[in-house]
Amino acid sequence: MFKSPNQTKTMSRPSTLLVLAMVLGSGIAQAEKGSGYYGYGQVATPEQIAGWDIDVRPDGLGLPEGSGTAEEGEWIYEEKCAACHGSFGEGVDGYPSLAGGEGTLSGDGRPHKTIGSYWNYTSTVFDYINRAMPYTAPRSLEPDEVYSLTAYLLFMNYIIDDETFELNQDTLSTVRLPNEPNFIPDERPDTDNTRCMSECRDAAAIEIKSQASPSLAEELAAAQGGDSETAAESSPAVATVGKSVYDQSCMLCHGSGLAGAPKVGDIDQWQARTAAGMTTLYKHAIEGYQGDAGVMPAKGGFMNLSDDDVKAAVDYMVQESQ
Ligand code: HEC
Ligand code: HEC
């Protein structure tokens, strides 16, 4: 355990010795029989790992052996689930409903999100029940029960119509949920920060602000000693804000031309638009509008952005498309 020359040397320092004594005192029994990398702890056995490794993927990988039908699931559901979720999946006393809501995601009213109207994969239904339900006794269900309950919920949502359809390791991934195609890969990067290596700002002066904070552009401009109104186009700070807002909130559509959005970099497409004047572009980007090509949602759907953030993004997009 203490073989490296460095460690032997530091061991002679009293404070280190004290810490070591504490560690050894509490851990020596394990350390002696320890088989882990650092000489203590134990390598988890396959059985122990199997206890945690219960996730199920959309292609069915990870499903346990077993099977069940909606017919069987109905009884289990009545006994173990209906008290909270209602006999028809309608939800009781504020507990979530498990069925209904078809077509409410695109309407004007409040979306009613359920397995049938919103969820993406059948494997998510299986995994959720298997992992977390019933609420008061998670992990208490046998695989056959989870298959049966999943089948019953699919039946309740009119996704399968045969009560005797057998859900098992092979058939589960063949049942697709109606809303699956509306889940799309989100190309926005997790972060586009580049590390500052020289002449960086004082770390102590950097604060983390809530989304309700005043415009990022204004703050950055102020921090650089400028005035955001006049700095708008030329300041490097605003250029950075524009790119950052664009990357996070606009690129999803404008990077690829998704949903009819004019693609950034496509000079022809943007020439006609900039001809209408920047004021119109700003207004359309901030307030949203329905054009010939599609719908531009107000602020791209990111209502937490300030008007100045959106303007900076528009500036950036126009600049990249000239
Ligand atoms: C004691 C009340 C209770 C019981 C009994 C119960 N649930 Fe739940 N269920 C909940 C609560 C509360 C949530 C929401 C949990 C959350 O959002 O963290 C939930 C969520 C769910 C969801 C996800 C719903 C959604 O759209 O987000 C499913 C699916 C589900 N339960 C299935 C079941 C099944 C199947 C059973 C029976 C084996 C069951 N539940 C039993 C309380 C209960
Ligand atoms: C969900 C997709 C989507 C997102 C996200 C999105 N846009 Fe758009 N945007 C569109 C579509 C579609 C159009 C074209 C509408 C038309 O002219 O038919 C458009 C058009 C525009 C235009 C041209 C306006 C005009 O008058 O011609 C600007 C400027 C613009 N968007 C800025 C932004 C900014 C800034 C963001 C990010 C804050 C953003 N968009 C995010 C879909 C999107």
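Helix α7 has 14 residues and runs 20 Å from its first C-alpha to its last, close to the 20 Å expected at 1.5 Å a residue, where the expected span is 1.5 Å times one less than the number of residues in the helix. Helices here are DSSP runs of H or I with at least four residues, strands are E runs of at least two, and both are numbered from the N terminus. The model is a predicted one, in which local features need pLDDT of at least 70 and side-chain atom pairs count only at pLDDT 80 or more, while totals for chains, interfaces and linings use all residues. Residues are numbered from 1 along each chain as its sequence is written, and chains are lettered from A and ligands numbered from 1 in the order in which they are written.

Back to α7 itself. Eleven of its 14 residues are buried, so α7 is largely enclosed by the rest of the structure. Buried means that 20 or more other C-beta atoms lie within 10 Å of a residue's own, exposed means 12 or fewer, and partly exposed covers what falls in between, with C-beta atoms placed from the backbone. The buried set in α7 includes Val146, Tyr147 and Ser148, as well as Leu154 and Met156. These buried residues pack against β1 (67–68), α4, α6 and β2 (167–168). Just after the helix, Tyr158 takes a positive phi of about 60°.

On the α6 side, the buried residues are Thr122, Ser123, Val125, Phe126, Asp127, Ile129 and Asn130, and they pack against α7. Packing is judged by contact, meaning that the C-beta atoms of two residues, placed from the backbone, lie within 7 Å.

Tyr152 touches Ala70, Gly73, Glu74 and Tyr77, leaving out residues up to four places away in sequence. In soluble globular proteins, nonpolar side chains tend to be buried together.

Val314 sits in helix α13 (residues 307–319). It counts as buried because 22 other C-beta atoms lie within 10 Å. Neighbours within four places in sequence aside, Val314 is in contact with Leu281, Tyr282 and Ala285. Gln319 and Gly265 are 54 residues apart in sequence and 8.8 Å apart C-alpha to C-alpha.

Now to the ligands. A residue is taken as near a molecule if its C-beta atom, placed from the backbone, lies within 6 Å of it. On that basis 17 residues surround ligand 1, with Cys81, Cys84, Met133, Pro134 and Tyr135 the closest. The elements giving two or more residues to this shell are α5 (82–85) and α6 (122–132). By class, the shell has 13 nonpolar, three polar and one charged residues; Ala, Val, Leu, Ile, Met, Phe, Trp, Tyr, Cys and Pro count as nonpolar, Asp, Glu, Lys and Arg as charged, and the others, Gly among them, as polar.

Around ligand 2 there are 31 residues, the closest being Cys250, Cys253, Gly291, Ala293 and Gly300. Two or more residues of this shell come from each of α10 (236–254), α12 (278–287), β4 (295–296) and α13, and α10 has the largest share, at six residues. The shell divides into 19 nonpolar, nine polar and three charged residues.

Taken whole, the protein has 13 helices and four strands, and 25% of its 322 residues count as buried. The mean pLDDT, the predictor's confidence in each residue from 0 to 100, is 82, and 79% of residues reach 70 or more. Over residues 1–32 the pLDDT is below 50, and this stretch has 14 contacts in the model beyond near neighbours in sequence. Residues 226–234 also stay under 50, with 13 contacts beyond four places in sequence. Where pLDDT is low, the predicted coordinates should not be read in detail.
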